[in-house]
Amino acid sequence: MEKATFQDLIAKKLQRENDKLKITEVVVPSMGKALVFKKPSDDVLVNLIDDIGDGKDMHAIVGAYKRLIYMTCTALQDQKLHSELDVVDPYDVVDVLFDVTDVMQIGAALSDFVGLGGVGDDVKN
């Protein structure tokens, strides 16, 4: 195997910086419209993995997906939206707007986006 050079390490750093700026659009099934999501931080991803655990507890998966959806979509973090929807806890925005099907489909798309595809597949099948 070829050894990494100084330039390879610098390129990797630049790649990681650029990866932090990645976004994706995910269609919300019940709306037929897309929302923009940003790539989550490593801390958010680690928390997601911890929250999901072995991937067999549907409540854990849905809860983790709700947090991931909220934390990666700036539109859902808008204070005016929170006021209009009359939510106190910001994470409740996801519950107010989306049903479980939406949460699972958006969460699965985001998991694929960050390279964690297949999380919760055992439960869904």
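At what angle do α3 and helix α6 (residues 100-113) pack, and how far apart are their axes? They pack at about 70°, with the axes 9 Å apart. Axes are lines fitted to C-alpha atoms over the stretch in contact, with angles from 0 to 180 degrees between N-to-C directions. The model is predicted: local features need pLDDT of at least 70, side-chain atom pairs count only at pLDDT 80 or more, and totals for chains, interfaces and linings use all residues. Numbering starts from 1 along each chain as its sequence is written, and side-chain values use heavy atoms, without hydrogens and water.

**Stop 1: α3 and α6.** The angle makes α3 roughly perpendicular to α6 (65 to 115 degrees). Select M58, I61, V62, Y65, K66, L68, I69 and T72 in α3; they meet α6 residues including V103, M104 and L110. Contact means heavy atoms within 4.5 Å.

**Stop 2: α2 and α3.** Select helix α2 (residues 42-52) and helix α3 (residues 58-72). Their axes come within 8 Å and cross at roughly 165°. That makes α2 roughly antiparallel to α3 (over 145 degrees). V44, L48, D51 and I52 of α2 make the contact, with α3 residues including A60, A64 and M71.

**Stop 3: the largest pocket.** Select R16, D19, K20, K39, P40, S41, D42 and L45, which line the largest pocket. About 160 Å³ of space lies there. A pocket is an open set of points on a 1 Å grid over the protein atoms alone, where a 1.4 Å probe fits, with protein on both sides within 12 Å along at least five of seven lines; lining residues have an atom within 4 Å of a point. α1 (6-19) and α2 each give two or more residues to the lining.

Definitions and conventions:
Helix = DSSP H or I, 4+ residues; strand = E, 2+ residues; numbered from the N terminus. Parallel < 35°, antiparallel > 145°, perpendicular 65-115°, else oblique. Points joined across faces, edges and corners; volume = space filled by probe spheres on them.
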